[in-house]
Amino acid sequence: MMMSLNSLYLDAFYACAQTRNFTRAAEKLYITQSALSQRIKNLEGELGTTLIIRDRAGLRLTERGEELLRYCQTKEALEAEVAGRLRKGAGALSGQLRIGGFSSVMRSVILPALAPLLEKHDGVRLKLIARELAELPALLRSGEIDFMVLDQKLEGDGLVAAKLGVERNVLVQKRGYKGAEVYLDHDEKDATTAKYLRRKSAAGLTRNYLDDVYGLIDGVKLGLGQAVLPLHLVAGAKELEVLEPGRTHDIPVVLHYFAQPFYTKLHQAAVEALTARVPALLKN
C-alpha cells in the first residue's frame with residue numbers, strides 16, 4: 001500500500017522552507033519550536049532522508065528538501081486552482097504567479113505580456129521581483145519565485161528553459177551631448193558596456209553607477225554620460241540619440257522554471273502568454 005505523507009508534517013516542513021527560520025515557522029503554525037522540530041524529524045524518518053540542515057548561516061534545504069518544497073508549492077497551486085474553479089466556474093484561473101528577472105524586462109515586457117491574463121482572471125495574484133542576475137537562481141531554488149527570467153539558458157537541475165526573445169542593446173546619449181566620455185552602468189560588476197565595446201574588461205573606462213536600468217535612462221537624459229540601453233526602452237525618446245545604429249549587443253531573454261509531472265492551468269497559461277507576447281514587446 002502506498003504511503004501518504006502526513007499533512008501536519010508537510011505543513012511543518014513547508015513553513016520552515018518558506019520562512020527559513022524555526023522560530024517564525026513555529027509562530028506561523030501556532031505550535032512550539034519543539035513540536036515543530038519533532039514533526040520535521042518524523043517526516044525525515046518517514047522519507048528516510050535529511051530535508052533541512054541548521055548551521056551557523058541559518059536554515060537551509062538539502063537537495064531532497066528543495067525537491068519536496070517544489071512538491072508543496074505544486075500541491076498548494078493545485079488546491080488554489082480547484083478552489084477557484086469551484087467558486088467561479090470551470091474556465092476561471094486562480095493562484096499566484098511569482099516571477100523574478102532583471103530590471104530591463106520586468107516592467108516593460110513581462111508585466112504587459114501578462115496583463116491580458118490578469119484582466120481576464122481576477123483570481124490570479126502577481127508578484128514581480130527585479131533582482132541582479134546572479135541572485136535569481138537562488139530565489140528559484142529556495143521557492144521564493146516560480147519563474148525566473150535570465151539573459152542565458154541554464155542547463156540541468158531539472159530546469160525547463162524557454163527562449164522568449166532577444167533584447168537588443170544600443171549605445172545612447174542625450175541628443176547633442178558634448179560632454180566627456182563617461183559611461184553609465186548598474187554597478188562595478190556590470191560588464192554590458194565592455195561587451196558592447198568588445199573589450200575584455202571595463203578597466204580604463206570612466207564610469208558612473210546608477211543601480212538599475214531606469215536610473216541609467218534618467219542619467220543619460222540628464223547629460224551625465226552615455227549608456228548601453230535596451231532599444232525597446234529608448235525607442236521613440238526624442239531627447240535621446242542612438243550612436244552607431246547598426247551596432248547592437250544582443251542579450252537572450254530566457255524563461256526558466258522547474259520541471260513538474262503536472263502543471264496547473266495557470267502555469268500553462270502564463271507560459272503561453274509570455275512566449276506569445278514577449279517577442280513583439282522586445283521589438284518595440
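The residues lining the largest pocket divide into twelve nonpolar, six polar and eleven charged; here Ala, Val, Leu, Ile, Met, Phe, Trp, Tyr, Cys and Pro count as nonpolar, Asp, Glu, Lys and Arg as charged, and the others, Gly among them, as polar. The model is predicted, so local features need pLDDT of at least 70 and side-chain atom pairs count only at pLDDT 80 or more, while totals for chains, interfaces and linings use all residues. Residues are numbered from 1 along each chain as its sequence is written, and side-chain values use heavy atoms, with hydrogens and water left out.

**Overall layout**

- The chain has ten helices and eleven strands; these are DSSP runs numbered from the N terminus, with helices being H or I of at least four residues and strands E of at least two.
- Along the principal axes, the C-alpha atoms of the chain fill a box of roughly 75 × 50 × 30 Å.
- Of the 284 residues in the chain, 44% are buried (buried means under 20% relative accessible area, exposed over 50%, and partly exposed in between, with a 1.4 Å probe and protein chains only).

**Largest pocket**

- The volume of the largest pocket is about 690 Å³.
- A pocket is found on a 1 Å grid over the protein atoms alone, as an open set of points where a 1.4 Å probe fits, with protein on both sides within 12 Å along at least five of seven lines; lining residues have an atom within 4 Å of a point.
- Grid points are joined across faces, edges and corners, and the volume is the space filled by probe spheres set on the points.
- The lining of the largest pocket comprises 29 residues, and Glu132, Leu133, His186, Asp190 and Thr192 lie nearest the pocket centre.
- Two or more lining residues of the largest pocket come from each of α5 (103-120), β6 (159-174), α7 (192-196), α8 (213-221), β9 (227-230) and β11.

**Second largest pocket**

- The second largest pocket has a volume of about 530 Å³.
- Its lining has 25 residues, with Gln73, Thr74, Ala77, Gln96 and Asp146 nearest the centre.
- The elements giving two or more residues to this lining are α1 (7-19), α4 (63-88), β3 (94-101), β11 and α10 (265-283).
- Helix α4 contributes the most to the lining of the second largest pocket, with six residues.
- By class, the lining of the second largest pocket has twelve nonpolar, nine polar and four charged residues.

**Aromatic rings**

- There are two aromatic pairs, where rings of Phe, Tyr and Trp (its six-membered ring) pair if their centres lie within 6.5 Å; planes under 30 degrees apart count as stacked, over 60 as edge-to-face and the rest as tilted.
- Phenylalanine 147 and tyrosine 257 form an edge-to-face pair, because their ring centres are 5.7 Å apart and their planes stand at 70 degrees.
- This pair ties together parts 110 residues apart in sequence, because phenylalanine 147 lies in strand β5 (residues 147-150) and tyrosine 257 in strand β11 (residues 249-258).
- Phenylalanine 147 is buried, with a relative accessible area of 2%, and tyrosine 257 is buried at 9%.
- Tyrosine 257 also pairs with tyrosine 263, with ring centres 5.9 Å apart and planes at 90 degrees, so this pair is edge-to-face.
- Tyrosine 263 is partly exposed, at 22% relative accessibility.

**Charges over rings**

- The charged end of arginine 70 sits over the ring of phenylalanine 258, 3.8 Å from the ring centre (the rule asks for NZ of Lys or CZ of Arg within 6 Å of the ring centre and within 35 degrees of the ring normal).
- Arginine 247 lies over the face of tyrosine 196, at 4.8 Å from the ring centre.

**Loop residues**

- Threonine 264 is in the loop between β11 and α10 and is buried, at 9% relative accessibility.
- The side chain of threonine 264 reaches the backbone nitrogen of histidine 267 at 3.0 Å.
- Tyrosine 30 lies in the loop between α2 (22-29) and α3 (33-47), has a positive phi near 60 degrees although it is not a glycine, and is exposed, with a relative accessible area of 77%.
- Aspartate 211, in the loop between β8 (207-209) and α8, has a positive phi of about 75 degrees without being a glycine.
- Aspartate 211 is exposed, with a relative accessible area of 53%.

Terms used:
A polar contact is a pair of N or O atoms within 3.5 Å; within protein, one must be able to donate a hydrogen and the other to accept it, and residues adjacent in sequence count only if both atoms are side-chain atoms.
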